Amino acid sequence: MEAILKYSYQIHKYKNGHQLSSSSIVLDRIDQDTVDRLSDISGQVRPGELFGPYFTCYPLPSNKFFIIARTWQDLRAPRAGCVVTKSILIPMEEWELLGDFSSLFLDLNRPPLDVGNSLEVTTSPFQAPTPDSPTQEIVEALFLEQRKPVLVFDCKSADSIIYKLYSALWPGMRRTFASCTFALSPRTINGRSFDLIFSLSGLRSRFVDWPGRRVEGWQSLTRTPRHRWTKRLTERIFNDERPSLFSKSSVSMFKSGGTNDESRIRLGLLWDELFHKAQRENSPFAVLGLLDIINSQNVFESQLYAQVEPLIYSAIVEARHTLGPLDAWKFYAAVSLKHKKKLMNRDMVRLVREACAELTMEEPYWSFEFFKDNESTGKTLPALLYASFGDGIAENKDIISSIVDSFIPRTGLLLI
C-alpha cells in the first residue's frame, strides 16, 4: 500500500452502475468525469467471457494529475462486463520527473478486494517483453516515423511494454502519453485517441475507424526492421536495465535546450552512430558530423564538446595519414570553420598548423591546388590555413620556384 499512502487514489466498481466507491481526493468535475469513464471497460463483454487485469494510463484534462489505473473483471457483480478499477493520481510535475515508479505498478498488481477473477497476471511489468512481442514496430511507429496512434493486436507483453516505455520517455512526452493494455474498442481523451492501445484480433471489427497504425503481434518474428536505428533503440528501451531513449554520450543533448520531440531522438541516434565511427574507426569526417550536431544546438553545448574534443585531436593527427591530400585539406578547413562558436584552444591550433605545414611539405602540388580551387569558388578560408601553408613553404624553399608563377594574386597576398 506504499503508493496508495503516498498518492491520492480512487476506486470504482459496480453499484447500480459503474460508480466511484472510494476516494482520497475531490477532483474538478471534468477530471472526475474522465476518471469515471476511463475506469470502466471500453466495450461490451459477452456473457461468460473472461479477460485478465489491465493498465490504463493517461493525463487528466486539467493536467494537474497523471493517472495509472489497474482494472479487474468483477465476477461477483450481478451482470456481465462489470469491473473494479483502482486509480493512483500522481501530481503532474512529479510524474514528469519520477525516476522510479515501480512501487506504483507493484501496488496496482494487487486488487483492492476479492473480485473473483480467476485469471492470473501472466507477465511482470518489470521483465523485458517476450521475444515475439512487436517491440520493434512499436518503436518505429512512436519514434522513427510520423507519429500516429498505435493499435497492437494479440501481444502477450503489453504490461511490460508500457512500463518500459514510461520509464524511457522524456518529461514532455510522458505527461501526455495515454495507453491501455486491453481495450474492447477505441479509447479517447480530450478528443484524441490514446497513443498506444492493445487489443485482440477477434475484436478487429470494433476498430474499423482506427485513425492510426495497426500492428500485428504475431508477425514480429518474421518482420524486417525498416530503419537502421530500430534494433538499437529497441534494445535501449526494452532490454537495458535502465530504459532510455538516449545513450550516455548523447543524454546531455536531451537535457540541453531545444524542443523535445521525435526529431531530437533521431538526432541522438545519429550522434551515437557518428561517435562510434569517430571513436572506433578513427573517422575524421565523423568528427565533423559531431561538430555539426553540436553547432545545431542553441548553445555550443559544453558537455557534448567535452566528449568530442579528444576525438578531434585524434582526427587532426589521423587525417594527414588516412586521407588523400585534398581531402585532408578539406578536413582541416572544415574543422577550423566549425569552431566559430567555440574557438580552438592553443594546443589544437598548434596541432592543425603543424599538420598542414607537414602536408604542404609532402604534397606541395595538391596543397596549392586546394587553395587555387577554393579561391576560384570565392570561399573564405581561415587565416590559420594560409599560415600553415606558408610554414610548409618556408621549410622547403624548393617548393617556391615550382609554384610561385601560378599563385593567384589574393592567395599570394594572404601568404605574404
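This is a predicted model: local features need pLDDT of at least 70, side-chain atom pairs count only at pLDDT 80 or more; totals for chains, interfaces and linings use all residues.

Me: In what order do the nine strands of the open sheet run?
Reply: The order is β2-β1-β5-β4-β3-β7-β10-β6-β11, with mixed pairing. Strands are DSSP runs of E of at least two residues, and helices are runs of H or I of at least four, numbered from the N terminus; two strands pair if DSSP finds at least two bridges between them.

Me: And which are the edge strands?
Reply: They are β2 (18-23) and β11 (213-216), each pairing on one side only.

Me: Which strands does helix α2 touch?
Reply: Helix α2 (residues 29-38) packs on the sheet and touches β1 (8-14), β2, β3, β4 and β5 (83-91), where contact means heavy atoms within 4.5 Å.

Me: Which residues of α2 are buried?
Reply: Asp31, Gln32, Thr34, Val35 and Leu38 are buried, that is, under 20% relative accessible area, with exposed over 50% and partly exposed in between (1.4 Å probe, protein chains only). Seen down the axis of α2, these buried residues fall within an arc of 155°, so they line one face of the helix; the arc is that of the directions from the helix axis to the C-beta atoms.

Me: What about the other side of α2?
Reply: Arg29 and Ile30 are exposed there.

Me: Changing topic, which residues touch the most other members of the largest nonpolar core?
Reply: Ile68 and Phe143 do, in a core of 45 residues. Such a core is a set of buried Ala, Val, Leu, Ile, Met, Phe, Trp, Tyr and Cys residues joined through side-chain atoms within 4.5 Å.

Conventions:
Residues are numbered from 1 along each chain as its sequence is written. Side-chain values use heavy atoms; hydrogens and water are left out. Axes are lines fitted to C-alpha atoms, for helices over the stretch in contact, and angles run from 0 to 180 degrees between N-to-C directions.
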